[in-house]
Amino acid sequence: MSIQSRQSGFVLLMTLVLLSVVAVTMVAVARRSFSAALRAHEQHTRLQHRWAVLTLESTLLDHAASFLTDAEEDRFEPVAQLRFDVELAGQRYELLLADEQAKVNLNALRARRGHDQAEQLAGDLLAESQTLLRVMLTRPSPLAAGHAAFGSFQQIFSGDRVHPHELIGTRDAPRDVTSRVTCWGDGRLNLRRADPAGLAAVCQGVLGHGEVQEIIELRRDLPHLTIGMLARQLELDRKRQEKLNLILTDRSSCYSLWTVAPSDRVTRYRFTTTSPAGGENVMASSAARWSPGAAIDRSRSRTTLIW
């Protein structure tokens, strides 16, 4: 083999090696560019989602009372929650707007009845909710002063997982777990919107069964029934009326909004309530456990749970 032939073979080999190096480098650059583009797309999607949910919360929660009242006037019956869909920026959102004071407040119930009886009553209320979740209220620490308030669904049900799908279902297969009990609000039940079982549970010991039935009949005939009108209709003395004022109300100050963003990859859930007391507490949750959220905005009286 001549010197020229050996040199040509060496040049060919080096050319192939360089081409291989260039090809590997281009693949690496392409992968890095693709990863950067994917991250940018995901950040853009998250930003769009955050803008959308904040817009929905601001619009719907600030006018929740009007939305529910309008629905009641259209249907001629009490409306405690509304489920509907909207589309923003190409994303469909399933929404559940509700009056939290149309539900039995478990914090108030435990304060009045004790832990065990509150747990039993909550179980009875949810017995027909078509859920496999079992009520098991978290017991406060022996070192805690008084009763530590329930502040999440994880503190109401047994097990390590409480997924939103088990609480509210879907548009086509809804579940009413969250329509009957709550951790939020001032503790009083809205007599106009509460379901009969909730009214009976809250009024036990203050009103008799016949009086609870009379409330249901009165609100059917008097959609704007007030506590004062009710007391007169039931002919309550001053002491019983004072007790009634502590457990019932004729107007609500706490509303909630479930925002569900379904997609092929992951379904995002967000639950936000307005609160009659100040401060906003933002919690983040995986399907398995709760952990404190990174951002806390105390400019608004709301509580937000995010999955």
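Student: How many cavities of 30 Å³ or more does the structure hold?

Tutor: A probe the size of a water molecule, rolled over the atoms, shows where empty space is left. A cavity is a set of points, on a 1 Å grid over the protein atoms alone, where a 1.4 Å probe fits but cannot get out; its lining residues have an atom within 4 Å of a point. Points are joined across faces, edges and corners, and the volume is the space filled by probe spheres set on them. The structure holds two cavities of 30 Å³ or more. This is a predicted model, in which local features need pLDDT of at least 70 and side-chain atom pairs count only at pLDDT 80 or more, while totals for chains, interfaces and linings use all residues. Residues are numbered from 1 along each chain as its sequence is written, and side-chain values use heavy atoms, with hydrogens and water left out.

Student: Which residues line the largest cavity?

Tutor: This cavity, of about 50 Å³, is lined by Arg83, Glu94, Leu95, Leu96, Ile168, Gly169, Thr170 and Val260. Strand β2 (residues 91–99) contributes the most to the lining, with three residues; helices (H or I, at least four residues) and strands (E, at least two) are DSSP runs numbered from the N terminus. By class, the lining has four nonpolar, two polar and two charged residues. Here Ala, Val, Leu, Ile, Met, Phe, Trp, Tyr, Cys and Pro count as nonpolar, Asp, Glu, Lys and Arg as charged, and the others, Gly among them, as polar.

Student: Which element gives the largest share of the lining of the second largest cavity?

Tutor: Helix α3 does, with three residues. Both β3 (104–105) and α3 (106–113) supply at least two residues. The volume of the second largest cavity is about 40 Å³, and its lining includes Lys103, Asn105, Arg112, Gly187, Arg188 and Val202. Six lining residues are nonpolar, two polar and three charged.

Student: Which members of the largest nonpolar core touch the most other members?

Tutor: A nonpolar core is a set of buried Ala, Val, Leu, Ile, Met, Phe, Trp, Tyr and Cys residues joined through side-chain atoms within 4.5 Å. Buried means under 20% relative accessible area, exposed over 50%, and partly exposed in between (1.4 Å probe, protein chains only). Among the 52 residues of the largest core, Phe153 and Leu248 touch the most other members. Apart from that core lies another, of 16 residues, including Val53, Leu61, Leu95 and Leu257. Beyond its neighbours within four places in sequence, Leu248 is in contact (heavy atoms within 4.5 Å) with residues that include Arg188, Leu199, Val202, Cys203 and Ile227.

Student: Which residues of helix α6 are buried?

Tutor: An α-helix has 3.6 residues a turn, so residues three or four places apart point the same way. In α6 (residues 196–203), the buried residues are Gly198, Leu199, Ala201, Val202 and Cys203. Just after α6, Gly205 takes a positive phi of about 95 degrees.

Student: Is Phe76 buried or exposed?

Tutor: Phe76 is exposed, with a relative accessible area of 75%. Although not a glycine, Phe76 has a positive phi, near 60 degrees, and is found in the loop between α2 (64–75) and β1 (81–88). Glu235, likewise not a glycine, has a positive phi of about 55 degrees. Glu235 lies in the loop between α8 (227–234) and α9 (238–247) and is exposed, with a relative accessible area of 69%.

Note on methods: 1 Å grid on protein atoms, 1.4 Å probe; cavity = no way out; pocket = protein on both sides within 12 Å on 5 of 7 lines; lining within 4 Å.
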